[in-house]
Amino acid sequence: MQENSRKRQKYYFDILILVVVSGLVIFPALGQERYLASREIRHAEIIREMAERGDYLVPRLFGKIYYDKPPVIHAPAAFITRIVGKPSMTIARMPSAIAGMLGVLATYGIGLLLLDRRSALVGAIVLLGMPGYSLWARHARPDMIFCAMILFSCLCLGIGMRKYNHFPRTFYFTLAGLFAGVGVITKGPYGILVPIFFVVFAPFRNLNFTRPRLGWTGFLLGLLTAIAIWAIPAYLRDGGEYLRGVIFQPDLDVTREGSVKSFFWYVPYVLILTVPLSIFLPLAIVDLRRYGYSAPLAIAGAMFIVISCISKKRQHYLLPLDPFLALGIAATVVRHGITSRIVRRSARILIIISIASIPIYFVAIQPFLQPYKNSKIFFAKEVLGVIKPNSCIYCVSGTKEVLAWVGRDYDRICEINRNDPSVTKTLCNDKARYYLVSEQDLMTLLKGKEPLSGELILNRKVGHENMMLFCLKSKTTGAP
């Protein structure tokens, strides 16, 4: 009894360490606006509009229904925004940051089921040092929430598969289904695939696990319940129009890809985004030949093969692979660290450097490498500060989202297609007054079309391109 109490105290202490370290890695400078990852500002604008309407069920962008992603990240951030009273990038990124922290704790729990306590703790800590994990935890995107949900699904499945369990197994399988259901809502069938791999590979050579039989009924019940909690109210609102748009959106078709990519396309990304653990990957492969099996590496390998076989390839598809790869390699590092001083010391130094480098970069290095005056947010504020009130501004795709977010209004911001032959006529209509383009877009915009009489107001370098704001002259007076 006393021994069990000591074990629990050690586990609680480990959890406290992981919470503190996660907070120190993920949360510093979380609201930075110098750099915006792909589609971050789009999700931030959806969150702002959702909070403004008070509708947490159907996401909208520029007032139109956004089918690409269900409101898994948008709803909680919009709720917080409504409480606080104003939107911010910190709030937009908060769901991902919290999910990143919870994912680390779930990784530790999975490590306790599959490995020993030390390997579980090391694996969870080094996961934070992987740029492929910690950077996604700092982005306003739904990928980290998806990763956390499937990790908790695997954790519940692992607890439910233990032979000696004082709580009904069906409860854990149902809970696993609930988490997997949220994963399915977030990223489609990928949310089921990883838990299935866990059930297949985790019990192999593990005498403490038995694969579920009737437990799958509870899993399926939980899965359907999670989907129904969101899908039924969404269906009742418009007779299923929104749900059909989500289900049949092009983004879910993983068989289509603009260019054919090699089966090994992910290999360099795995090696780079899992540094420093990828340095010890050859050692882990040697251990596989020596000891024959590693459940975390088997799960990571199965996921890698599946996503490599899919035509559509994206870096964020690797995210659920990182926790299992971290646990598998951490077990090797711990095993060899007992007898090898070189492995022990090098691993310790690399892990400390990798964990410390992420907050140090965003707090101390990024302000010098990416000055705020070169950011999209700063330029958008400058643009909205020089144009006249209630004037329409036309811009190319992507810029519209930043302007809407900064100006807290999208009604007077219009998007133009630079390849449209009638674009100059659109810009010369009575509503148009300003247009904003990059230097490259301007060449495409005016090539072979009618010239535009306008005055260049702003010309700024934003990121890697020059952005220009023009004011069109009045038709009657010729004045801007």
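User: Why is Phe264 called exposed?

Analyst: This is a predicted model, and the label comes from a computed area. Exposed means over 50% relative accessible area. Phe264 has 55% relative accessibility, so Phe264 counts as exposed. Phe264 sits in the loop between helix 11 (241-247) and helix 12.

User: What makes the nonpolar surface patch?

Analyst: Phe263, Phe264, Val267, Leu271, Ile272 and Ile305 make a patch of about 550 Å². Helix 12 (residues 267-273) gives the largest share, three residues.

User: How do you know that Arg117 and Asp14 meet in a salt bridge?

Analyst: The cut-off is a side-chain nitrogen of Lys or Arg within 4 Å of a carboxyl oxygen of Asp or Glu. For Arg117 and Asp14 the N to O value is 2.7 Å. That is within 4 Å, so the pair is a salt bridge. The pair links distant parts of the chain: Arg117 is in helix 5 (residues 117-129) and Asp14 in helix 1 (residues 2-26), 103 residues apart.

User: What makes Lys187 and Asp143 a salt bridge?

Analyst: Their side chains meet at 3.1 Å, N to O. The cut-off is 4 Å, so the pair qualifies. Lys187 lies in helix 8 (residues 169-187) and Asp143 in helix 7 (residues 143-160), so the pair ties together parts that are 44 residues apart in sequence. Both Lys187 and Asp143 are buried.

User: Why does the pair of Arg460 and Glu382 tie together parts that are apart in sequence?

Analyst: Arg460 forms a salt bridge with Glu382, with the closest N and O atoms 2.9 Å apart. Arg460 lies in strand 6 and Glu382 in helix 17 (residues 376-386), so the pair joins parts that are 78 residues apart in sequence. Arg460 is at 34% relative accessibility, so Arg460 counts as partly exposed. Glu382 is at 21%, so Glu382 also counts as partly exposed.

User: How many salt bridges does the structure hold?

Analyst: The structure holds 12.

User: Why is strand 7 called largely enclosed?

Analyst: Six of the eight residues of strand 7 (residues 465-472) are buried, so strand 7 is largely enclosed by the rest of the structure.

User: How do you know that strand 6 and strand 7 pair?

Analyst: Two strands pair if there are at least two bridges between them. Strand 6 (residues 454-462) and strand 7 have eight bridges, so they pair, in the antiparallel sense. Leu469 in strand 7 is the bridge partner of Leu458.

User: What puts the buried residues of helix 3 on the same side?

Analyst: The buried residues of helix 3 (residues 74-84) are His74, Ala75, Ala77, Ala78 and Thr81. They cover an arc of only 165 degrees around the axis, which puts them on the same side of helix 3. The face turned away from the buried side carries the exposed residues Ile83 and Val84.

User: Where is confidence lowest and where is it highest?

Analyst: Confidence is lowest in helix 19 (residues 423-427), at a mean of 68. Confidence is highest in helix 4 (residues 89-114), at 96. The mean pLDDT of the protein is 87, and 89% of its residues reach 70 or more.

Key
Residues are numbered from 1 along each chain as its sequence is written. This is a predicted model: local features need pLDDT of at least 70, side-chain atom pairs count only at pLDDT 80 or more; totals for chains, interfaces and linings use all residues. Side-chain values use heavy atoms; hydrogens and water are left out. Buried means under 20% relative accessible area, exposed over 50%, partly exposed in between (1.4 Å probe, protein chains only). Helices (H or I, at least four residues) and strands (E, at least two) are DSSP runs, numbered from the N terminus. Patches are made of residues with over 30% relative accessible area and no salt bridge: like charges are joined within 9 Å, nonpolar side chains (Val, Leu, Ile, Met, Phe, Trp, Tyr) within 5 Å. Accessible areas come from the Shrake-Rupley method with a 1.4 Å probe; for residues, only the protein chains shown count as cover. pLDDT is the predictor's confidence in each residue, from 0 to 100. The arc is that of the directions from the helix axis to the C-beta atoms.
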